[in-house]
Structures are given as C-alpha cells and as structure tokens.
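Let's look at how helices and strands get their labels. Have the structure open while you read.

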Amino acid sequence: MERPYILHMFTPGRQMSPFDINMAADAGYQIVVPYSDVGLDAIAGLTQDTIFSRGPKGVARTGIFIGGRDALLASDMLERSRAAMVKPFVVSLMADPSGAYTTAAAMVACVEAALKRRHGHGLEGQRVVILGGMGPVGRVAGVIAAQAGAQVSLSSRHGIDVAEEAAQETGARFKVTLHGVSGGDRAAVRTSLADADVVLACAAAGVQVLSPEDLGFAKQMKVAADVNAVPPEGIAGVGVMDNGRPLDGTAAVGIGALAIGNVKYQTQHRLLVQMCAAEKAVVLSFPEAFAMARAFLAESAAAGKAA
C-alpha cells in the first residue's frame, strides 16, 4: 500500500485559512491537517514528530506549511522547522502567511513585467513607494523589490517613526535596505509620490489610499498596482481587472487586484504542486514565489505571442 501525501499546516493564529487548505488539497495532498495557536517554540517538536513517524521513504510524501498573519514570524518559523530536521528525515517546507508571500511576489512580478513592456527595464534603480507598507504584503513586496534592485520606501499612516522602525526591522531581517516615509496625512502622502516611479497599494480592503487629486502629484509614476478588490479601489482609477491599462490623469499604467490575484493563485498552486511532487525536499518562501510568478508571466507572454 502506497503511503498517502500528508501536509501538516502550522499557524500561530486561531485557525488555518480555508483558502490554503483548499489549495493544498487541489495540489495533490490527500491528507491535510491544520494546527492552530502554534508558537515559535513549538515548531521544532512538531517538525520532529512529523519527520520521525514516516521513515526515510515516507518523508518524500510529507510536507509542512507555515501560515499565520505575520510575515517575519512565518520566516522565523520556517527557519526553526528547517533547523529541526535530521537527515535523512527531511521533508518539504513552505511558508505563505495570509497569502502574503505569494501575493507580494505576484504584485512585484506584474509590476516588473509592465516596466519591461513599456520602458525596457525592470526594477533596478526604480523608486518604489508602498502605501500600507506595515502589513505583511507591503513588507514582503518591499523586500522583493529591494532584492530586485529598487529603492524602496514603506509608508505608514501612523507617521515617519513607525514607518522607519518597520523598514529597519524588516530590512535587517532580510538583509536589504528599506526606508520609511510618512503617510499620516494627505500632504505627507503627496510628498512621497513626487519622485516615485512605482506605487504599490497594500492597504486594508476597502480603503482608498490615493484619490484622483493625489495622483496629480505623481508626476514620474510609471506603474501603479493595487491589491484591494473591495470598493472603493485603493488607487483611484485602477480597476480590479486592469493589467497595464493607462491610468487617467497620469503617464502610468495600472494593475488591479484580480490581475494580481490570478498570478498569485497560479504561483501558490504551482509551489504546492512542486512541494507535493518533489522527490527531494524543497524549502519554499517568497524568493521562490517571486521566481515562480516571473516564470508564469513569461509563459503567459510567450503563449500570447504564439496565439
């Protein structure tokens, strides 16, 4: 009898996301087991319970998924789990807290693709401002963009001190340089837009962070991307289905939440399938998610040209 494919899903929250459970089942895992209220100190013990019970052959059909809502904690939990492995008892690992890693990866990959299509270059040297930069998607998008060569500023509606603290904490954790800017009032937001090449809106659903009047201050903006799918749009004029449509009143193009969401879905699905099918254990975090999102967009572009 063949051993089933089992995915153990750990979250520090009160429950695991049904979205992630569905995605795991659709990727091929036959048994999906969620664990809630899992603290960092519990990860090593749970990992070793996972690996030692299946034997060297069974670990190839076993995976661990890290959820939650904290992008930095999820990364720490992933590293703690990896460190608890004992060869040859090594299983595949993936972290995607609240979908933040795959959403951020999809958002930045879509922006990069738009820049290349319209301007012939990627994110290298581009000034990126992230509105709603304190949340998990904003922070991870900032790290990915910085790793791709951008100059990144995280904006906070709570002011410059909070933004700088988050930028320093996140940058130190992932070994990139991030800056903080104030988004505490309209004047501060408009000041941050003045020299931005790219604006990413990562604020809470249903919150408009840029009005039509604000966009008038974004004189250099090339791409505006928004992950908010709940009306009103996070960036005025960026529709949820937009994928490179010119943004009225600016020289930029807009990328909307559902365009990003399609890439996010494909990225997460492909990573879970990769983990489930891997004969040798893999570790999947946001760098791997970004690589997968880039690959999906390249495939889509090639298919479009062929058609």
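This is a predicted model: local features need pLDDT of at least 70, side-chain atom pairs count only at pLDDT 80 or more; totals for chains, interfaces and linings use all residues.

Residues are numbered from 1 along each chain as its sequence is written, and side-chain values use heavy atoms, with hydrogens and water left out.

Q: How do you know that H10 and H11 pack at an angle of about 115°?
A: Axes are lines fitted to C-alpha atoms over the stretch in contact, and angles run from 0 to 180 degrees between N-to-C directions. For H10 (residues 257-277) and H11 (residues 286-306), that gives about 115°, with the axes 9 Å apart.

Q: What makes residues of H10 and H11 meet?
A: Contact means heavy atoms within 4.5 Å. Asn262 and Arg270 are among those in H10, and Met292 and Phe296 among those in H11. The contact residues split into 7 nonpolar, 4 polar and 3 charged; Asp, Glu, Lys and Arg count as charged, Ala, Val, Leu, Ile, Met, Phe, Trp, Tyr, Cys and Pro as nonpolar, and the others as polar.

Q: Why do E10 and E11 count as a pair?
A: Two strands pair if DSSP finds at least two bridges between them. E10 and E11 have 3 bridges, so they qualify, in the antiparallel sense. Arg245, for instance, has Gly254 in E11 as its bridge partner.

Q: What makes E7 and E10 edge strands?
A: In the open sheet, ordered E7-E6-E5-E8-E9-E11-E10, E7 and E10 each pair on one side only.

How values were computed
Helices (H or I, at least four residues) and strands (E, at least two) are DSSP runs, numbered from the N terminus.
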